[in-house]
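I'd like to walk you through one chain, so please have a look at it before I start.

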Amino acid sequence: MEQLGWGAVAGLAAALPVGVLMATQHMVTAFPGWLAFAAYALVIGVALGAVARGTRQGLAMTASAGVLLGALGWLAFSLTLEPLLHGVLPTWSAVAAAKTYPELVGNVLHGAITGLLLHCVVGVWTMKERVRRAPSERTKVVVVGGGFAGVAAAQRFERLVLRGAKLDVTLVSDSNFLLFTPMLAEVASGALEPAHISAPIRSAAAHTTFLYGRVDRVDSVVREVVLESGEVLGYDHLVLAVGSVPHTFGLPGIAEHSFPLKNLADAVALRNHVLRLLEAADRETDPRTRRELLTFVVAGAGFAGTETIAELFDLVHGVSHYYPGIAPEEPRFVLVHAGDRILPELGPELAAYSMERLAARGIEHRLKLRVTEAAEDLVRLENDELIATRTFVWTAGNKPASLVGALTTDTALRAEGMDNVWAVGDCARIPMVDGGFHPPTAQHALRQGKAVADNIAAVVAGRTPVEFRFHTIGVLVALGHRTAAAEIRGRRFAGLVAWLLWRGIYLSKLPGVEKRLRVLFDWTLDLVFPRDIVVTSATPRKSKVRAR
């Protein structure tokens, strides 16, 4: 509410100088005109306060949002509402736009000034609030991890502080951005730019103290978090949200010769590697080497593995016209899974549909089989089948990346065996109230982050924390080539409709308007133009391209 109030003040303040300029152009003449312009300015200010969130988006973003709202205001009021009030149907023609061009300039100028004022006013107000609050009297909370759960917790803490909670929150992460992992496979295939699915943590949680660094250890006895840099952070409450890391179960060669897909570096490395293989295969004459170069194996047919094999298929076939030396039938794609069907998170019907769609495109399946060994140029399955390949992606196992060993919490998200330590997200086993454990998905992590902040605030205020209750709303999986499968609140979708749902829902979940526009632009380009084949890294993370 404070943000809307400051927006209204900024809108009215900006209306004064802009109104004077408009009056000199005879655009605002009588008292009713001034009153109408003030009402318009009030609406724009409140809208900007709601959309731009003041200093959180930064000066340039807030001013840009004001310019956009000014242009929209011109379209809504000058080109649409005014003609209707005069009994004329709006035409939105070039002639009408030319007649109201001075009003467009005035509205855009007013929006820009409103954005600048809002950013400055909220910044001063925020600084005064920080100075007014006494840190020594506030409960120190340290959040470790900058993923969905950690950032969601920090954002909820910010809202609680605005409501009067006496908390001093610090977030520590070894990356300074929040990664939207559901779109990671599209980065690996070149459909999306890496920076477009990540948002700076300093922007996502602008009023939280952020430390960019890696935690070395946690001492829950003296309540300290020690960073690798040697800096020590004391805490009253600690939230562990450090996510998960690939788990290879100690199988020989897998850690050394597989590509994980957990972060942006993994996705970019995989894309560069595939493009290097295509470059090598285009001029390779040895049949055995060509088979190795053009065979792509993914272990694990959950969401990550299924989407990865589909995106690799789209990448290779989408750029094949650049490589005349590679026949369309040469690339081979194999999906290995230990279960009796792919996508166990989906119902049997949608899982069967998904496998049929992938098989129809030429993707092979090895079900009820595990990978037992990997080398530089082959993968061994437990039935002793050998698959010659230089590209092996491992998505068949993850384990918690805990700093204090295996973590299990109670239903209120408190870590067992440690005082004032809480755990959320993939790093912890969190029991469900009705039995079982919460799955390690983004939708659960987001809500766990909010719940843990509410529970810590409740404990600080002397109240009892509540049990975390949440059931999966729905699941979506992209199958490539404008096809997907989805199950939302018990309703099943497949094909193009599911693909549109997948894109629409995940687009709406991206942090910030800027990222949504960038991803939407990437998707639009991907429909019109072939994917880029530029290798973006001069030095590969790992290389399996060699001459024989």
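A word on the ground rules. This is a predicted model, so local features need pLDDT of at least 70 and side-chain atom pairs count only at pLDDT 80 or more, while totals for chains, interfaces and linings use all residues. Residues are numbered from 1 along each chain as its sequence is written, and side-chain values use heavy atoms, with hydrogens and water left out.

Let's start with the whole chain. Its secondary structure comes to 16 helices and 22 strands; these are DSSP runs numbered from the N terminus, with helices being H or I of at least four residues and strands E of at least two. Along the principal axes, the C-alpha atoms fill a box of roughly 85 × 65 × 45 Å. Of the 548 residues, 47% count as buried. Buried here means under 20% relative accessible area, exposed means over 50%, and partly exposed is in between, using a 1.4 Å probe and protein chains only. If you take contacts between residues at least 6 apart in sequence, 70% of them join residues at least 24 apart. Contact, throughout this talk, means heavy atoms within 4.5 Å.

Now for the cores. In soluble globular proteins, nonpolar side chains tend to be buried together. A nonpolar core is a set of buried Ala, Val, Leu, Ile, Met, Phe, Trp, Tyr and Cys residues joined through side-chain atoms within 4.5 Å. Which residues have the most contacts inside the largest core? They are Phe157, Met183, Ile197, Val225, Leu238 and Leu278, in a core of 111 residues. Helix H10 gives the most to this core, with nine residues. Phe157 itself is in contact with Val141, Val143, Leu167, Val169, Ala453 and Ile456, leaving aside neighbours within four places in sequence.

The axes of H10 (residues 264-283) and H12 (residues 303-318) come within 11 Å and cross at roughly 40°. Axes are lines fitted to C-alpha atoms, for helices over the stretch in contact, and angles run from 0 to 180 degrees between N-to-C directions. H10 and H12 are therefore oblique to each other: angles under 35 degrees count as roughly parallel, over 145 as roughly antiparallel, 65 to 115 as roughly perpendicular, and the rest as oblique. Their crossing is right-handed, meaning that the near helix is turned clockwise from the far one by less than a right angle. On the H10 side the contact is made by Leu270, Val274 and Leu278, and on the H12 side by Thr308, Leu312, Leu315 and Val316. By class, that gives six nonpolar, one polar and no charged residues. For the classes, Ala, Val, Leu, Ile, Met, Phe, Trp, Tyr, Cys and Pro count as nonpolar, Asp, Glu, Lys and Arg as charged, and the others, Gly among them, as polar.

The second pair is H15 (residues 496-509) with H16 (residues 513-528), which pack at an angle of about 150° with their axes 9 Å apart. H15 and H16 are therefore roughly antiparallel, and their crossing is right-handed. Trp502, Arg503, Leu507 and Ser508 of H15 meet Arg516, Val519, Leu520 and Trp523 of H16. This contact has five nonpolar, one polar and two charged residues.

Finally, some single residues. Outside four places in sequence, glutamine 448 touches Leu413, Val424, Gly425, Ile430, His438 and Phe468. His438 is also among the residues touched by proline 431, which sits in the loop between strand S19 (421-423) and H14 (442-460). Proline 431 counts as buried too, at 17%.

Histidine 481 lies in the loop between strands S20 (474-478) and S21 (484-488). Arginine 489, not a glycine either, has a positive phi of about 50°. Arginine 489 is placed in the loop between S21 and S22 (491-495), and is exposed at 65% relative accessible area.
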